[in-house]
Amino acid sequence: MLDKTLRWVDAHLLRLLAWIFGLRVLFLFVNGLDLIGDESYYWDWSRHPDWCYYSKPPMVAWLIGLFTWALGDYTAVVRLPAVLLGTVGLFYFHATCKAFYGARAAAFAFILLLATPINVIANLLMTIDPPLYCFWIMTLYYLRQALFERSDKAWWLAGFSSAAALLSKQAALALPVMLLLFLLANAAYRHYLRREFWWYLAPILIAVVPILMWNLNHDWVMFGHSKGHFANHEPAALTKHFKWAADFLLYQLLLLSPLTFALVLSTSLICAYRFKNLNAEQRFLWLMGPALLLAVLLLSLLQKVQGNWPMPFYFSALILLAGRYADSIWQKASHAAVYVGAVLVLLTYALPVLLSLLPIKDSVWDPTTRFKNWQAVAAAIQMERQKTQADLQDTFVVALGHRYLASQLAFYLPDHPKVYRYEASGQIVSQYEVWPGPDEFAGKNAFIVGDGNMKLPAPLYSAFERLDLVGQLPNPNRKESEYFIYFGQRLGSWPYPALQKRISSKD
């Protein structure tokens, strides 16, 4: 039965991809889930096209900007690039695996990848990850052609793919580094270091220049943010280290599915142990994924690691696993991994419906909470704005607290106003502190929105001629912390903290 399915997948791949794309687009339009905070944050970036932003390179903002410019500012449109990139990535994943291990292994790897919950999430949420995953697997495809089919053109195509991956997320820097390690570790391929490696590197270096220039003009905020991911500010107890590792492992089990993760981890460890005996193609695949995965696993013992960090490393790990499958190793376990993964994928798609039937709906255990209620909150705040001032044309909005409140109000308020954020600490903690404040609204009125746990900062009182509380609204996601809305009349000057004033004045 499975062999027949594998033959059908290989023979009808494009038709299957078209069905998958169509079903995923349909799911975007019917699921009823609001944008999560990161998605609306990146959408707000897309309204200010640039070469870099506070925490990430620009690709996610460019893609969202392109789709919303063409189709409008709707929730499903913001997420549409994720589905398109996911479909292109699936095509390249199948093609890469087929080039390494043949049609049967490629069809199996294709199904195994589809049977992972992370593939559902990466095709639903438009964050920095979908473009990274797509351009990462494209890079592996072209590097294989360059290295093992001696294609000169493929070096350039791999370089452009890696450059696009780097414009998506800093993790793509691992691609040229691991390629360099492969070339140094394999004498038969070391001659590529004289010329072809530099062809590959040229587009990447060109992509790096504007990112560096932007950071030079913005106090290197992206590098400071990235550095913060690798710094434990305080010594932690041994139990804390084990908890970090356990949390990270749990994420991998849930995102990849338990049996698939066990097989991938076993393959990675076996290849590490037998590295000297691997052929060149296996060494390439191991360095481009499993080696990095094992490094991140070790890192999780030292510090808190985000669960999505190793996701692109699984592509070549799954291809190595498919190679073992083609050699009739672990076939029963691999089949079981597909079935277990398929059940988890179906549960992931059905989660919104299932949760509506369970008592944990809207509780702290409800994993869909962050997808909910933003449209309703924005509609309630809009009513308070219109009750206070009928003509909103010359008003602006200020959000206090987390950056998600600012970005969700910007997206879900009907007029998509320019929303500013006031960071009372004076630190640069989001893109909102990098952008200039509302200087253009001097003499105009503002609505200031925060939640009940935050006092109105004193500098805001003195920034307006008059400031009044005009509304309090329930917070459906945090019932103990309601929203408050202040109306500030006639802004004098925006109370910039010193660091923010220095950076924003360079824009």
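Val 343 counts as partly exposed because its relative accessibility is 47% (buried means under 20% relative accessible area, exposed over 50%, partly exposed in between, with a 1.4 Å probe and protein chains only). Val 343 sits in helix α18, residues 331–356 (helices are DSSP runs of H or I with at least four residues, numbered from the N terminus).

This is a predicted model, in which local features need pLDDT of at least 70 and side-chain atom pairs count only at pLDDT 80 or more, while totals for chains, interfaces and linings use all residues. Residues are numbered from 1 along each chain as its sequence is written, and side-chain values use heavy atoms, without hydrogens and water.

**Surface patch**

Val 343 belongs to a nonpolar surface patch with Leu 347, Val 353, Leu 354, Leu 357, Leu 358, Ile 360, Val 364 and Trp 365. Together they have about 930 Å² of accessible area (Shrake-Rupley method, 1.4 Å probe, only the protein chains shown counting as cover). Patch residues have over 30% relative accessible area and no salt bridge; nonpolar side chains (Val, Leu, Ile, Met, Phe, Trp, Tyr) are joined within 5 Å, like charges within 9 Å.

**Helix crossing**

Helix α3 (residues 37–46) and helix α4 (residues 59–71) cross at roughly 75 degrees, their axes coming within 8 Å. So α3 is roughly perpendicular to α4 (65 to 115 degrees; under 35 is roughly parallel, over 145 roughly antiparallel, the rest oblique). Axes are lines fitted to C-alpha atoms, for helices over the stretch in contact, with angles from 0 to 180 degrees between N-to-C directions. On the α3 side, the contact uses Glu 39, Tyr 42, Trp 43, Trp 45 and Ser 46. The α4 side supplies Val 60, Ala 61, Ile 64, Gly 65 and Thr 68. Contact means heavy atoms within 4.5 Å.

**Salt bridges**

Side chains of opposite charge can pair when their charged atoms come close. The structure holds 20 salt bridges (a side-chain nitrogen of Lys or Arg within 4 Å of a carboxyl oxygen of Asp or Glu). Three of them are listed here.

| Pair | N to O distance |
|---|---|
| Asp 10 – Lys 98 | 3.1 Å |
| Arg 144 – Glu 281 | 3.6 Å |
| Glu 196 – Arg 195 | 3.2 Å |

Asp 10 lies in α1 (residues 2–11) and Lys 98 in α5 (residues 75–101), so this pair ties together parts 88 residues apart in sequence. Asp 10 is partly exposed at 23%, and Lys 98 is partly exposed at 36%.

Arg 144 in α8 (residues 129–148) and Glu 281 in α15 (residues 280–287) tie together parts 137 residues apart in sequence. Arg 144 is buried at 7%, whereas Glu 281 is partly exposed at 21%.

Glu 196 is buried at 8%; Arg 195 is partly exposed at 45%. Elsewhere, shared partners join Arg 144, Glu 149 and Glu 281 into one salt-bridge network.

Terms used
Helices (H or I, at least four residues) and strands (E, at least two) are DSSP runs, numbered from the N terminus.
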